[in-house]
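Reader: Could you walk me through this model? I would like to start with charged side chains and then move on to a helix.

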Amino acid sequence: MSKQDGSSRQVTTGPVDDSATPILHVDMDAFFVSVELLSRPELRGKPVLVGGAAGRGVVSAASYEARRYGVNSAMPMSVALQRCPNAIVLRGDYASYSRYSKRVMEIFEQVTPLVEPLSIDEAFLDVSGARRLHGSPAQIAWTIRERVRAETGLTCSIGVAATKYVAKVASGRAKPDGMLVVPAADTLSFLHPLPVSALWGVGRVTEESLTRLGLRTVGDVAEMPSDALERAVGPALAARLARLANGIDPRDVETTRSEKSIGHEVTFDHDLRDPEQIRRELLRLSDDVAVRLRKAGAVGRTVVLKLRYGDFRTVTRSRTLGEPTDVARRIYDEASAALGELVGDGARIRLIGVRAEQLRPSGGGAALWDPDEEWREAERAIDEVTARFGRGAVRPAALVRPGEAAARVESIRRTPVDAAMRDRAAAEAVEAAEGRAGVDRTQFGG
């Protein structure tokens, strides 16, 4: 069953102490689907999917009726239709989604200037300075929900809490079309019964590691001795999980926006049709962007994908991260997810571009967690090898063309000993770095 199908909905229905809960997380409900239903009211109450229906199409959004069948966004459409054969699939109107997103964000900014958009359909708000004009945080959240409904016809869910992390968890629990206030004094009693998967940074592998230790709830993690937790997931992640499990999140709502960006794009001599080849080029560009970010001492919050088709039609898609990054693997994952239904079905691609936006100095700010720490260590080690032995010394296996590896081996056999030792040293340096970081190279192109 989907994690956000509304089956575990929890909302605030009466008076509650919101005096120390200035942070709101507003999340639109099944946003793409909801916008589509404004012009297709006859589909309300039915399982509806937005996304590509053919080839390698993926689900961009699913109605709550579809989610009850276990359908989630980013799922291959073929799998979604196996789980929910009676689903109605719509192609989507992204220009319309952008218009509605802009209107919703304007409503937020009319309430408080402290708005931090996370994506096209969600944002953090700090309403500390809006109380005199608009009332308490709970009253402000109620007003926002009513205005969004009245002015757009859409619904949203809002979490109100003392920190960004707890507010985001609360908005998810309130879905769909609900509001949940977590009083500051009740933060731990709210968090501790939740499953460990509610902790940011806990994916499938980490969840399995915690479960093997008998840690099934957030409260279990909070009570776990630090040394035992470190042995299970490593010291850095253990420290983050312990802070989260105790409701500690020092991040502020950030409203600054940088106009600077770092990107790469390539126009091909011949249009590309093969999705695998397109993704290889995407990987190459993501690696180039990450290298430039690290050289500039910067990280990017938003990843932008640009495609130009054979008929010169150009589209862009952007994805905003929970935490900024300078890691090629993260940039590629986000760009690849944005690629989704844009390729396949014979589409001819003339140009591909990848860009990182909303840049800030690396190491700045109070990051809640760093999901890419292990890959960052390996990629920085590769930077060092590249500086010593050249750009082509090491690269992801997916970028090695068939037969190239064997040719490389033969070349080394015929190379003077000092050059062969150089190549071997480069490979050993990277393998050592990957070993220290616990990296499985098969997860990144080979």
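Author: Let us begin with a term: a salt bridge is a side-chain nitrogen of Lys or Arg within 4 Å of a carboxyl oxygen of Asp or Glu. This is a predicted model, and in it the side chains of Arg 313 and Asp 311 meet in such a salt bridge, at 4.0 Å from N to O.

Reader: Are those two buried or exposed?

Author: Arg 313 is partly exposed, with a relative accessible area of 45%, whereas Asp 311 counts as exposed at 53%.

Reader: And how many salt bridges does a search of the whole structure find?

Author: The search finds 22 salt bridges. One of them joins Arg 348 and Asp 271, at 2.4 Å from N to O. Arg 348 lies in the loop between helix 14 and strand 12, and Asp 271 in strand 9, so the pair ties together parts that are 77 residues apart in sequence.

Reader: Which residues are linked in a network of salt bridges?

Author: Arg 103, Glu 106, Arg 147 and Glu 151 are linked in that way.

Reader: Switching to helix 9, which of its residues are buried?

Author: In helix 9, which spans residues 204-212, the buried residues are Thr 206, Ser 209 and Leu 210. They cover an arc of only 95 degrees around the axis, so they sit on the same side of the helix.

Reader: What do they pack against, and what is on the other side?

Author: The buried residues of helix 9 pack against helix 11 and helix 12, while Arg 204, Val 205 and Arg 212 are exposed on the other side.

Methods:
Residues numbered from 1 in each chain as written. Predicted model: local features only at pLDDT ≥ 70, side-chain atom pairs only at ≥ 80, totals over all residues. Heavy atoms only, no water. Buried < 20%, exposed > 50% of the residue type's maximum accessible area, 1.4 Å probe, protein only. Helix = DSSP H or I, 4+ residues; strand = E, 2+ residues; numbered from the N terminus. Arc of directions from axis to C-beta. Contact = heavy atoms within 4.5 Å.
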